[in-house]
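Please keep the sequence and the model in view while reading.

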Amino acid sequence: MKNLYEIREKVIQLYYKYDAFIVPALKLIAAFIVLHTVNSRMGYFTKIDNIVIELVASLLCSFLPSGMILVFAGLFSLLHMYHLSLIVAALGVLLYLVLYLLFLRFSPKSSLVVAITPILMLWKLPYVLPIVLGLTATPGCTVAMACGVVAYYFLKVVNANSATIANMPIAEAADQLKILIDDILANKGMIIVIIAFVVTFLVVYFLRRLPIKRNWEIAIGAGVVVDIIALLIGDVIMDTGISFINIILVSVLAVAAGFVLKFFKYCVDFNRTENVQFEDDDYYYYVKAVPKISLGESAQRVRQINRRKGGKSFMNGSGEDLYAEGYDDLEYADENGYFSEDGYYEGSDGEYYEENGEYTENSSEDYRE
Amino acid sequence: MLDRDKVIMMTRMSSYEKGKGKEHLRIGSFFRSDYIWASILKAAFAITVAFVFGLALYIYYNFDEFMSNIYEIDIISILKSFGKYYVIALIVYVGISYLVAFIKYSIAASNLRKYKSNLKKLRKLYKTNEKSV
């Protein structure tokens, strides 16, 4: 367990140190996965089904706001639809506009969720989403999640009917529209999945916020159970043909994801390093504010006492002799603080002292490095 | 001479202005009633546009049927039935938008009160520093 905590600390330190590079890199990877999936699944417009275009668009997304991933994904899918049929593209534009006007404008910051939901559904991992979002996000995300589910089913219907639509002349545009709308309305699974996701999210969200012991564990467990029950009831009522083996397997994954989040919850406050600039009458300030990492204080004390050769006395900050003459140790600790081999003494006040008990200003940095 | 407390306070405030504060300051620039009314109007516009799109799709979907029975269709009763659905959708959606706007404004106002109180504290710090100089 100690090793895990050490790894956690290293991961977080690394994240805070290089967040200026890590965040754009993550955005680039997310954008590439989304755009590549859209291209590989649709691929009607061969000119944009090109890895160079995907990479250029992903690169743009890496330094633009995260909402641009959704914009690019929408554009790519519309271009593919346009190449398939004008009426399909028109229906796509209408659907995206309605989703934006009615729902997404309430939660513009969770637009990444809309882009990720269809990808997870393609990978057959959607049931992780309401658990993970319930543990980390606000209820506004339910809207984004529902929009993602609608977009997934719409694209699925377009893909399923692409061969039929491609062979129909433009004069039969009304028939193309009928085929798509009939298929979308006949898709009962979409409603069931949306209801199950929203209910699961709300259960996880409210249980996680309860001021009780083990609220995270309870929220994860209850969320998984509610998700399975909601999908089961939906399947029984509407005969949606959802695979329950997949639901169970993904639920196990969702539990694992939930516990990984719990492991990091005390450290990751999602406040990244801030670079702020301001001025007053005398100065211009360029401040880098690094959030403190609130790791639980380690209760471990290593006491290793060997026979001392030289006989030397170590003093703490208040001048007390911490070290009995005649003993040599590599590490020594008592209720007042912690001794290390490198000669620095960490007092109970959290400051660092040299062997002679004098406070040393830079020792904290040296010690950590 | 740099004042530690002043720098910490200014950094926190600047960080707020850069993040959530940007949205809160925008919301706070309206009176509560104006902000809520603007949200309601936006919501009414959005639901109307969505409804028009839906209606257009419905007509296009049933275009052949409409054209073959154009002289027999009771347009008034169809419009009444659409109007009923539109009013229900409008009331529900505007109601939700009102709630969202109300909550958003309350959160922004509460945060801006803290922000303004910090501004006052900062002003006091400046005055204290000036006197000591």
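The structure is a predicted model. Two packed helices are described by the angle between their axes and the distance between the axes. In chain A, helix 2 (residues 19-41) and helix 4 (residues 67-84) have axes that come within 10 Å and cross at roughly 15°. Angles under 35 degrees count as roughly parallel, and helix 2 of chain A and helix 4 of chain A are therefore roughly parallel to each other. The crossing of helix 2 of chain A past helix 4 of chain A is right-handed. Helix 2 of chain A contributes A:Ala30, A:Ala31, A:Val34, A:Leu35, A:Val38 and A:Asn39 to the contact, while helix 4 of chain A contributes A:Ile69, A:Phe72, A:Ala73, A:Phe76 and A:Ser77. By class, the residues of this contact between helix 2 and helix 4 of chain A comprise nine nonpolar, two polar and no charged.

A second pair of helices in chain A has another orientation. The axes of helix 12 of chain A and helix 13 (residues 244-264) of chain A come within 10 Å and cross at roughly 160°. An angle over 145 degrees counts as roughly antiparallel, so helix 12 of chain A and helix 13 of chain A are roughly antiparallel to each other. Helix 12 of chain A passes helix 13 of chain A in a crossing that is right-handed. On the side of helix 12 of chain A, the contact is made by A:Trp216, A:Ile220, A:Val224, A:Asp227, A:Ile228 and A:Leu231; on the side of helix 13 of chain A, it is made by A:Ile247, A:Ser251, A:Ala254, A:Val255, A:Gly258 and A:Lys262. Eight nonpolar, two polar and two charged residues make up the contact of helix 12 of chain A with helix 13 of chain A.

Within this pair, A:Trp216 lies in helix 12 (residues 215-238) of chain A. A:Trp216 counts as partly exposed because it has 17 C-beta neighbours inside 10 Å. A:Trp216 and A:Gly258 are 42 residues apart along the chain, and their C-alpha atoms are separated by 8.2 Å. Not counting residues up to four places away in sequence, A:Trp216 touches A:Leu135, A:Arg208 and A:Lys262.

The contact between the chains takes 15 residues from chain A and 16 residues from chain B. On the side of chain B that touches chain A, helix 1 (4-18) and helix 3 (32-61) of chain B are the elements that give two or more residues. Helix 3 of chain B supplies the largest share of that side, eight residues. The residues on this side of chain B divide into 12 nonpolar, three polar and one charged.

Which residues does A:Phe278 touch, not counting residues up to four places away in sequence? They are A:Tyr285, B:Met10 and B:Ser14. A:Phe278 lies in strand 1 (residues 274-279) of chain A and is partly exposed, with 17 other C-beta atoms within 10 Å.

Technical notes:
Residues are numbered from 1 along each chain as its sequence is written. Chains are lettered from A and ligands numbered from 1 in the order in which they are written. This is a predicted model: local features need pLDDT of at least 70, side-chain atom pairs count only at pLDDT 80 or more; totals for chains, interfaces and linings use all residues. Two residues are in contact if their C-beta atoms, placed from the backbone, lie within 7 Å. Helices (H or I, at least four residues) and strands (E, at least two) are DSSP runs, numbered from the N terminus. Ala, Val, Leu, Ile, Met, Phe, Trp, Tyr, Cys and Pro count as nonpolar, Asp, Glu, Lys and Arg as charged, and the others, Gly among them, as polar. Axes are lines fitted to C-alpha atoms, for helices over the stretch in contact, and angles run from 0 to 180 degrees between N-to-C directions. Angles under 35 degrees count as roughly parallel, over 145 as roughly antiparallel, 65 to 115 as roughly perpendicular and the rest as oblique. A crossing is left-handed if the near helix is turned anticlockwise from the far one by less than a right angle, and right-handed if clockwise. A residue is buried if 20 or more other C-beta atoms lie within 10 Å of its own, exposed if 12 or fewer, and partly exposed in between; C-beta atoms are placed from the backbone.
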